[in-house]
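Please look over the sequence and the 3D structure shown here before reading on. The paragraphs after them are meant to be read with both at hand.

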Amino acid sequence: MPQNSPRIAVIACSVLEDEVGHFARGLPHVKVIEYLPQLLHNEPVRLRAELQAAVARCEANPAVDAIVLAYGLCSRGVEGLRHARCPLVIARAHDCVTLYLGSKERYSEYLKKHPGTYWYSPGWIKAHAPPGPDRDAYLREEYAKQFEPEDVEYLVEQERLWTAHYDRAAYIGLGAGEKPEQVEYTKQCAACLGWVFDHVRGDESLMRDLFAGPDKWDAKRFLIVPPNHGIQLTADDSVIKAVPLEESK
């Protein structure tokens with residue numbers, strides 16, 4: 001990596017589009033920002049393929065020296081990405097909630113106290129219908145296109161079974177995208193589901209420093225993955241590590 005501040009390309013999940021735009025846009029060393037579709041974490045193989053293609057595009061750009069991933073481990077979709085020239089930089093995070101909370105430690109502490117938490121964020125609310133009345137309505141509409149009316153309610157109820165693992169709706173945002181109506185919407189979802197509502201204040205430091213450059217990329221919070229190395233899940237609180245990859249043929 002050059003001694004001077006490297007020229008950065010950002011690859012981000014579109015669920016973070018407002019926040020990435022707020023913290024990265026306008027920085028002179030950020031040359032490229034590319035967003036990938038939300039919900040790819042539900043298809044880790046596809047997420048990895050989409051990320052790999054985006055990394056290849058960024059590496060082919062001579063104006064880019066380093067690639068920042070605005071992702072967490074995200075169903076392990078970031079594991080095994082291949083890159084031959086530009087280092088990858090990623091926060092030590094299981095998912096994007098850590099980016100909102102400001103640290104993996106804060107995320108871990110919250111979940112220890114409230115293990116049944118489902119997170120609502122600005123991008124998550126805008127991009128799809130999270131658990132609540134809108135999701136039920138959406139599912140009814142979709143199922144009605146494929147099944148008989150007497151089957152629709154049964155399928156909706158089956159879909160809602162997984163919500164039994166949760167008991168709390170926590171709204172979190174950063175100043176860039178947080179809106180009062182989204183807080184109120186999360187309250188309504190919590191009431192619909194019989195969950196506790198919590199409004200968790202975000203911490204912009206991790207998101208801001210992710211795009212700031214090497215001076216802010218300390219090893220405790222960020223992983224810098226050298227070329228020809230991959231990202232791998234760890235069994236400790238470091239979350240991820242860099243491991244050598246065989247040379248691509």
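Predicted model: local features only at pLDDT ≥ 70, side-chain atom pairs only at ≥ 80, totals over all residues.

Residues are numbered from 1 along each chain as its sequence is written, and side-chain values use heavy atoms, with hydrogens and water left out.

Rolling a probe the size of a water molecule over the atoms shows where empty space is left. A pocket here is an open set of points on a 1 Å grid over the protein atoms alone, where a 1.4 Å probe fits and protein lies on both sides within 12 Å along at least five of seven lines; lining residues have an atom within 4 Å of a point. Grid points are joined across faces, edges and corners, and a volume is the space filled by probe spheres set on the points.

The largest pocket holds about 550 Å³ of space. Its lining has 31 residues, and those closest to the pocket centre are His 41, Asp 95, Cys 96, Val 97 and Trp 124. Helix 3 (97-101), helix 4 (104-113) and strand 5 (117-120) are the elements that each give two or more residues to this lining; helices (H or I, at least four residues) and strands (E, at least two) are DSSP runs, numbered from the N terminus. Strand 5 supplies the largest share, 4 residues. By class, the lining has 22 nonpolar, 8 polar and 1 charged residues, where Ala, Val, Leu, Ile, Met, Phe, Trp, Tyr, Cys and Pro count as nonpolar, Asp, Glu, Lys and Arg as charged, and the others, Gly among them, as polar.

The second largest pocket has a volume of about 170 Å³. Helix 4 gives the most to its lining, with 5 residues. Among the lining residues are His 94, Thr 98, Asp 236, Asp 237 and Val 239. The classes in this lining are 3 nonpolar, 3 polar and 4 charged.

Thr 117 sits in strand 5. Thr 117 counts as buried because its relative accessibility is 6% (buried means under 20% relative accessible area, exposed over 50%, partly exposed in between, with a 1.4 Å probe and protein chains only). Its side chain reaches the backbone oxygen of His 114 at 2.7 Å. Beyond neighbours within four places in sequence, Thr 117 is in contact (heavy atoms within 4.5 Å) with Tyr 110, Leu 111, Tyr 166, Arg 168 and Ala 170.

A nonpolar core is a set of buried Ala, Val, Leu, Ile, Met, Phe, Trp, Tyr and Cys residues joined through side-chain atoms within 4.5 Å. The largest one has 68 residues, and Ile 11, Ile 67, Tyr 71, Trp 119, Tyr 120, Phe 211 and Ile 231 touch the most other members. Strand 1 (residues 8-13) provides the largest share of this core, 6 residues.

Two loop residues remain. His 83 is in the loop between strand 3 (66-70) and strand 4 (88-91), and it counts as buried because its relative accessibility is 2%. The side chain of His 83 reaches the backbone oxygen of Cys 86 at 2.7 Å. Pro 130 is in the loop between helix 5 (122-127) and helix 6 (133-144), and at 0% relative accessibility Pro 130 is also buried. Leaving aside neighbours within four places in sequence, Pro 130 is in contact with Tyr 118, Tyr 120, Trp 124, Ile 125, Arg 135 and Tyr 185.

How values were computed. Polar contact = N/O pair within 3.5 Å; in protein donor to acceptor, adjacent residues only side chain to side chain.
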